[in-house]
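Please look over the model below before reading my points. They are numbered and can be taken one at a time.

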Amino acid sequence: MPSVIEAQDVSFAYVRVPVLEHISFAVNAGDYVGIIGPNGGGKTTLLKLLLGLEKGKGQIKLFGQPLRTFKAWRKIGYLAQKSPVSQGGFPVSAEEVVLMGLSERHGSGVSVSELKQVHEAMQKTRTREYAGRIFHDLSIGQQQRVLLARALVSRPELLILDEPSTALDPESREMFFDLLGELNTRFGVTILLITHDTGEVGKYISKFMYIDKTLVFYGTKQEFCHSAAVAEKLGAFAQHTIDHLHNHGRCPLGGSCGEEVR
Amino acid sequence: MITEFLSYGFVQRGLAAGSLVAAACALLGVFLVLKRLSLIGDGMSHVCLTGVAAALLLSANPVYVSVPVVAAASLGIMKLAQKFKIYGDAAIGIVSAAGLSVGLLITALAGGFNTDLLGYLFGSILTVSKDEAVLCGLLLAAVLAGLFFFYRDLTSACFDEPFARTRGIAVQTINTVLVVITSVAVVLAFKVVGIFLISALLIIPPVSALLISRTFKQVLWLAACFGVASVWVGVYLSFVFNIPSGATIILVNLCILALSYGWSKMGGLKNAR
């Protein structure tokens, strides 16, 4: 399996305060990686480093290319933790927001194929019904789905998502994770997802990455779920995640294995 | 009376230059307002004083001396905000204070050109030269060309800067070009409304347009129209009532803002589909 992401000895500090230290890992094509860890553990910073939004130490490669020379951004879809709500007065329609995910053209013209891609992405995320409405007039949950459509519109091979489900109601959340699961299993899209919602998403995730300033754990769901040593090493937070997986029947060996963990 | 008003060559030049620079300022202002950088125009206008004072001291054309001074200051504001991680408005305040102090110092040390300086502080649209009118035309042409060729990049960078960077859009370059072109607009606008009121041309027409528009293209069109209309009405009223043109232009802008606000409360263009 070719590596979609390779991180080698990546570190980052905010004005001498270390946030991430010596992180190395590889994400293979087709992986669905759930990034978990305590608040302030550096998860969002790691995603920003991978996308070049922050500059740290170490080496990052995307699709085999060093980050500084990487140009094929259409291969990557990104959905941030917060929608750009600060731009409350920006009169732009949901459809125009989705179009922003396509950056091959620079001027104001829109081609037929681009419109087709936009409609396809909005269809997938069930946002076509409010395509013409002003983005900031939508509810936060609707905005988040439009932003997911923007992340999907370039038909990316890698999706990077930072806690995308926090603003969604339970029904939308289930739809959202089912869609991500389908993208991963049917279309082979590699997914890197920060989440605290391991119950719903747990059925699709193939690997877990536990970040708490350092890379504490990175392995398959099975390794994560059934290693007493891992549970002991990672402490209360990981135990909570493992319990969550078991309680929702997302454990790869079935829901009756809770005792093995403890 | 309007025919008589339009028959004067200096009025025609003033209106042409004023319309061109007001449209350019309004279009640039839309991006500055949405990027929460509207006060950068205020900072640049204060730095203008240094350029004008230096030009008067050297007996040079204030426009040509002020452009590099203000452009350097605007880049300084960006560097201060990025490199030293201070807030953008604080960086504007620092550079603005520096520009004003140096300008006042040059004025005090040189002496003798207080009357000339007053003309720049409060604007004198009817003294615009042919060359300056041509420069205003070039400025608007550059702004329109930028909008035409980079519309999607500009809107994307303005709406969600981090996401735009993940699309490979050169956000840093866009920001740099935006503030440099704005600095040129600020310098060309000081003849129209005066150093003290330049920032109003960058802020008020876009805000009026944002209040009532439904689409981003409407915002751009309306902002430019409001800017141009304010120059024509303002200059005409100043001619009729013999009052300062710069201040009148800004008061007309404020009236447009009040009307836009009133209309926005009724739904504005948002209800007119």
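**Notes on the model**

1. B:Phe5 touches B:Val11, B:Tyr236 and B:Phe239, leaving aside residues up to four places away in sequence. Contact here requires C-beta atoms, placed from the backbone, within 7 Å. B:Phe5 sits in helix H1 (residues 2-7) of chain B. Helices are DSSP runs of H or I with at least four residues, strands are runs of E with at least two, and numbering starts at the N terminus. B:Phe5 counts as partly exposed, because 14 C-beta neighbours lie inside 10 Å. The cut-offs: buried means 20 or more other C-beta atoms within 10 Å of a residue's own, exposed means 12 or fewer, and partly exposed is in between, with C-beta atoms placed from the backbone. B:Phe5 and B:Leu27 are 22 residues apart along the chain, and their C-alpha atoms are separated by 28 Å.

2. On provenance: this is a predicted model, where local features need pLDDT of at least 70, side-chain atom pairs count only at pLDDT 80 or more, and totals for chains, interfaces and linings use all residues. Residues are numbered from 1 along each chain as its sequence is written, while chains are lettered from A and ligands numbered from 1 in the order in which they are written.

3. The contact between chains takes 20 residues from chain A and 24 residues from chain B. On the side of chain A that touches chain B, eleven residues are nonpolar, seven polar and two charged. Nonpolar covers Ala, Val, Leu, Ile, Met, Phe, Trp, Tyr, Cys and Pro; charged covers Asp, Glu, Lys and Arg; the others, Gly among them, are polar.

4. Chain A has nine helices and ten strands. Of its 262 residues, 42% are buried. Take the contacts in chain A between residues at least 6 apart in sequence: 68% of these join residues at least 24 apart.

5. Chain A splits into domain 1 (3-63 + 158-261) and domain 2 (83-156). The bounds come from an automatic or database domain assignment. Nine residues of domain 1 of chain A are in contact with nine residues of domain 2 of chain A. On the domain 1 side, strand E7 (158-162) and helix H5 (170-187) of chain A each supply at least two residues. That side divides into seven nonpolar residues, one polar and one charged.

6. Strands pair if DSSP finds at least two bridges between them.

7. E7(A) and strand E8 (residues 190-194) of chain A run parallel, joined by five bridges. A:Asp162 has A:Ile194 in E8(A) as its bridge partner.

8. Two backbone angles to check. A:Arg126 has phi near 55 degrees, a positive value in a residue other than glycine. A:Arg126 is in the loop between helix H3 (112-124) and helix H4 (140-152) of chain A. A:Arg126 is partly exposed, with 15 other C-beta atoms within 10 Å. Phi of B:Ser59 is also positive, near 55 degrees. B:Ser59 is in the loop between helix H3 (40-58) and helix H4 (62-83) of chain B. B:Ser59 counts as exposed, because it has 7 C-beta neighbours inside 10 Å.

Notes
Two residues are in contact if their C-beta atoms, placed from the backbone, lie within 7 Å.
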